[in-house]
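This briefing concerns the pairing of charged side chains. Please have the sequence and the structure at hand while reading.

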Amino acid sequence: MVWYNPKDWLNESIKSFKTKSDNLTDKQHQAQSGEGFETISTDGYGVNGLSSFNMFHNNYIDQKHKDEISKIHFYRNIVNNPEISDVVEDAVNESMQEDTEGYIINYKVSDESISKKDSLMKNINNEFYDFFYNRLDIETNAWDIFYDYFVDGRVYRENVININRPKDGIISLKKLPSETMDRIYDEFGRVKAYLQYLSKNPKKPQSLEDAENDDKIIVFYPEQITFIPYQFGKSKDTIYGYLEKCQLPYNQLKLLE
């Protein structure tokens with residue numbers, strides 16, 4: 001499902017999910033963003049010695065992934081190793097522990113001017129638990145979300161609404177395969193649009209306009225997607241996953257075996 005006019009469709013409650021940075025105007029962003037760009041990376045500089053050793057090291061031990069898709073497939077491959085799989089599942093299970101009230105996800109209001117207002121807190125409670133436990137069914141879906149986070153190093157979920165009743169807000173989350181997803185940033189480092197490639201070996205479009213004119217690409221507005229990266233690399237176009245540090249010992253073990 002693609003939203004073409006989110007301003008008319010989005011519920012006012014969506015604003016509560018935006019960060020402080022999202023509420024700034026372009027002029028305010030420009031005043032606070034400095035002169036550098038967050039989405040530019042180069043191939044590096046300098047001279048490498050011991051070329052034959054470096055070639056062996058890079059090809060067999062500390063592999064350099066040609067793109068984000070190959071990196072995701074590598075993570076999914078090494079998690080089949082029993083030792084690594086056990087670590088990931090332990091991390092996911094620990095993330096799913098219930099609190100003293102029996103909830104796996106909860107919240108706390110630190111602002112006393114809000115927490116002391118019983119009627120307001122009642123509304124917040126109703127909205128919070130209805131959203132996460134009824135609409136999103138977080139107790140059923142959280143394990144899959146955390147597993148994707150630890151293995152792929154990123155989570156993409158489409159925020160689904162009922163197009164006939166948009167005022168109901170988000171009614172569910174649709175899982176989108178990480179290897180099909182991409183992002184386009186503006187000059188301030190904010191996500192301008194999310195892309196889903198419908199073909200193999202896709203080529204990233206040069207602009208949002210090119211993406212919108214490509215029938216092999218689905219374009220999502222930022223409000224349509226929940227995106228959670230594990231760790232950014234040299235730029236926001238590169239993401240390192242939880243399993244990135246497993247690469248070296250995994251390849252060494254594989255060579256020894």
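The points below describe selected salt bridges and the exposure of their partners.

The model is predicted. A search across the whole structure finds 15 salt bridges. Side chains of opposite charge can pair when their charged atoms come close. Among the pairs found are Glu112 with Lys116, Asp130 with Arg135, and Asp144 with Lys175.

**A pair with exposed partners**
- Glu112 and Lys116 form a salt bridge in which the closest N and O atoms lie 3.7 Å apart.
- Glu112 and Lys116 are both exposed.

**A pair with partly exposed partners**
- Asp130 is joined to Arg135 by a salt bridge, with 3.2 Å between the closest N and O atoms.
- Asp130 counts as partly exposed because its relative accessibility is 26%, and exposed would require over 50%.
- Arg135 has a relative accessible area of 27% and is therefore partly exposed.

**A pair between a helix and a strand**
- Asp144 and Lys175 meet through their side chains in a salt bridge, at 3.4 Å from N to O.
- Asp144 belongs to helix 8 (residues 138-152) and Lys175 to strand 2 (residues 170-175), so this pair ties together parts that are 31 residues apart in sequence.
- Asp144 is partly exposed, as its relative accessible area is 32%.
- Lys175 is likewise partly exposed, with a relative accessible area of 43%.
- Asp144 and Lys175 also belong to one network with Asp148 and Arg157, joined by salt bridges that share partners.

Note on methods: Residues are numbered from 1 along each chain as its sequence is written. This is a predicted model: local features need pLDDT of at least 70, side-chain atom pairs count only at pLDDT 80 or more; totals for chains, interfaces and linings use all residues. Side-chain values use heavy atoms; hydrogens and water are left out. A salt bridge is a side-chain nitrogen of Lys or Arg within 4 Å of a carboxyl oxygen of Asp or Glu. Buried means under 20% relative accessible area, exposed over 50%, partly exposed in between (1.4 Å probe, protein chains only). Helices (H or I, at least four residues) and strands (E, at least two) are DSSP runs, numbered from the N terminus.
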